[in-house]
Every structure is written in C-alpha cells, then in structure tokens.
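Subject: Structure handover and notes

Hello,

Here is the structure I promised to pass on to you.

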Amino acid sequence: MAAKTGAVAFMFVLFLVSVTCQAQLSPTFYDTSCPTATSTIRRAIRSAIASDRRMAASLIRLHFHDCFVQGCDASILLDETSSIQSEKTALGNMNSARGYNVIENAKTEVEKICPGVVSCADIIAVAARDASAYVGGPSYAVKLGRRDSTTASRTLANAELPAFFEDLESLISRFQKKGLTARDMVALSGSHTLGQAQCFTFRERIYNHSNVDAGFASTRKRRCPRVGSDSTLAPLDLVTPNSFDNNYFKNLMQNKGLLQSDQVLFNGGSTDSIVSEYSRNPAKFSSDFGSAMIKMGDIGLLTGSSGQIRRICSAVN
C-alpha cells in the first residue's frame, strides 16, 4: 500500500512540474522585461524574407528541426566545439537547413535593446510565426519564456529527424513520440508548400515509383537526371511555390507529391481524409497549422533556472 501511495505521489509531482513548466510560457512573457522584443524580431525576419523569399520556408523548418531534437531549446544553432557535436552537421541539416544567420541577426538587434533577456529559442519560435504570416500563412500567439540549451546532439538529430524516404507508419510514430498527432503531422507538413528539395531526395520517386503523376514526373526529370545534379533544387509545390496556401494538399491528391514522405500522406492510408479535408478547406488547414505549431513549440522546454540565455546564438556563454 505504501509503495502504491508513493507511486501516486511521484506521478502527482511530475504533473505539477509539467503544469508549472507550461505555465511559465506566455505570449506576454517579455511585455515588461523587453516590450519591443517581438516587433524587433519581426522587422529582422521580414527584411530577410524580402531579400530571399525561400527564407520563409527555411525559418519554419529551422523551428521544426530544433524542436524535434532535445526540444525547442535552440540547440540547432550551436556551432561545433571540442565539447559540442553540432546538429548543423547532422544528415537532416547538413547542406540543407538554412536561416542560422537570420536568427543571429535578429538576436543581435534584440541584444541592443534588451541585453541577456530574450532567448534564442524564443527568437526561433517567433521567427517561424512571422515567416508564416509574411508569406500569407497563419499568424498565431507564440508562447514565450523558453531558455537556451548548453548542449547539442548530432546523434539525436540523426536518429530523430524524419527522413524524405520514410513511410506513413514511421512518420506517425516519430510525431507521436513528440506528443503530436497524425493530424498535427499533416498540418505541419502543409508548410512544404513553400519548400524546395534537392534532386537526390526525390530522384527515386520520379523515376521508379508508380504512384506519381506522369506529367509531373516528366517535368521534374528535366532538372533532375538519373545521374548527377544531386543538389539542384526544385519547389515542392510547382503551382504557388512562394505563397503559403493549401495547394500542397491538392497536389498530393493528384499524385504530385515530390518527396516520398509527402505522398505517403495521401496514398490509401489513415491520413487520406485529413489531406482531403485540407484541400477543400484552407481555413481549417490554417487553423490547424497554427495550433500544431503552438503545440510543437512546447516540446522539451527549458524554463526558469534551466539552460541559459545565450548572448550569441551559435555559442554557449
């Protein structure tokens, strides 16, 4: 009986810790300590995307790749040192992830007005929201109050970031382990409407898969031969590659998903109905995307006395 009582007490303590951690995050976290933080970040993000439209997708992806490894702690921004194996060189990030300098520039601007107050992890989260809004996607209330990690893990990044060749069951499992549902996964994948992929990631699909539209494959083959041009980029959405909309889902329903990990979302499986819903209802997609981004932003948080506020996002203080 005593053991059972002890176990219940322990679970209650864990619940309280979780609730306390979540309660520390708030959209108004910096209203007193740095009231112009979010507007300063917004200006930096808008300027970066105005110079490079692709940066919108890159910043959303950067937030995703940060949160899936050790949680939303800005570990993805840390450079290699004698004690840190940088996540920048993980398979899912190397020569692929972008936007590090944009976050660093935003951090520099915030440091000028509020030194040592705003975390790099929060800047990544705000940047993703501002990137979405700038290109026509949803805006949503970003909860703030994260602190920055003092470590990074290339090993975890290699193990936990989804890959372009994965099947539906594997993808659902990966997201479930992070507390995200299949609907969250499909909604978050909708941001691919802005993205681009390198030839080597979709070559197998356009040359060897049967569930691909013939005309679509033929168009993609022009820039992605069977051999060579591995790093040549192609938009994931040929129709409106620079706008955040629901064309990604319409493409999937026509077998025009560029990556295998995209097309498996509509291929006779459990997520077909969600893709179909989002293709018909862009408002529902936008709403679910915002909710999923907020939910993803809660993964593995460092708050309070945990972690630190890094003065430079690429290095531990």
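Let me begin inside the protein: the largest cavity holds about 70 Å³ of space. This is a predicted model, in which local features need pLDDT of at least 70 and side-chain atom pairs count only at pLDDT 80 or more, while totals for chains, interfaces and linings use all residues. Residues are numbered from 1 along each chain as its sequence is written, and side-chain values use heavy atoms, with hydrogens and water left out.

Cavities

By cavity I mean a set of points on a 1 Å grid over the protein atoms alone where a 1.4 Å probe fits but cannot get out. Grid points are joined across faces, edges and corners, and a volume is the space filled by probe spheres set on the points. Three cavities of 30 Å³ or more are present in the structure. The largest cavity is lined by His63, Ala125, Tyr140, Ala141, Val142, Lys143, Arg146, Met293, Ile294 and Gly297, where lining residues have an atom within 4 Å of a point. Sorted by class, that lining has six nonpolar, two polar and two charged residues. Here Ala, Val, Leu, Ile, Met, Phe, Trp, Tyr, Cys and Pro count as nonpolar, Asp, Glu, Lys and Arg as charged, and the others, Gly among them, as polar.

The largest pocket

A pocket, in contrast to a cavity, is an open set with protein on both sides within 12 Å along at least five of seven lines. The largest pocket has about 1,200 Å³ of space. It is lined by 47 residues, and Arg61, His65, Gly92, Ser96 and Pro162 are the closest to its centre. Two or more lining residues come from each of α3 (55-67), α6 (154-160), α7 (168-177), α8 (182-189), β1 (196-198), α9 (199-208), α12 (260-263) and α14 (282-296). Helices (H or I, at least four residues) and strands (E, at least two) are DSSP runs, numbered from the N terminus. The biggest contribution to the lining is from α3, with seven residues. By class, the lining of this pocket divides into 27 nonpolar, 14 polar and six charged residues.

UniProt lists Pro162 under "binding site" in an unreviewed entry; positions are in the numbering used here, feature names are shortened, and annotations may be inferred rather than shown by experiment. Pro162 sits in the loop between α6 and α7. It counts as partly exposed because its relative accessibility is 21%, given that buried means under 20% relative accessible area, exposed over 50%, and partly exposed in between (1.4 Å probe, protein chains only). Apart from neighbours within four places in sequence, Pro162 is in contact (heavy atoms within 4.5 Å) with Phe64, Phe68, Leu171, Arg174 and Phe175.

Other listed positions

The unreviewed UniProt entry also gives Asp66, Val69, Gly71, Asp73, Ser75 and Glu87 as "binding site". These positions are spread over 22 residues of sequence yet cluster in space, with a largest C-alpha distance of 12.7 Å. Gly71 lies in the loop between α3 and α4 (100-113), and it counts as buried because its relative accessibility is 3%. Not counting residues up to four places away in sequence, Gly71 touches Asp66, Ile299 and Gly300.

Asp73 is also found in the loop between α3 and α4, and its relative accessible area of 2% makes it buried. The side chains of Asp73 and Gln70 are joined by a polar contact of 3.1 Å. A polar contact is a pair of N or O atoms within 3.5 Å; within protein, one must be able to donate a hydrogen and the other to accept it, and residues adjacent in sequence count only if both atoms are side-chain atoms.

Helices to look at

In α9, seven of its 10 residues are buried: Cys199, Thr201, Phe202, Arg203, Arg205, Ile206 and Tyr207. Their cover includes β1, α10 (214-221), β2 (233-235) and α12.

Gly290, in helix α14, is buried at 5% relative accessibility. Beyond four places in sequence, Gly290 touches Pro138 and Tyr140.

Best wishes
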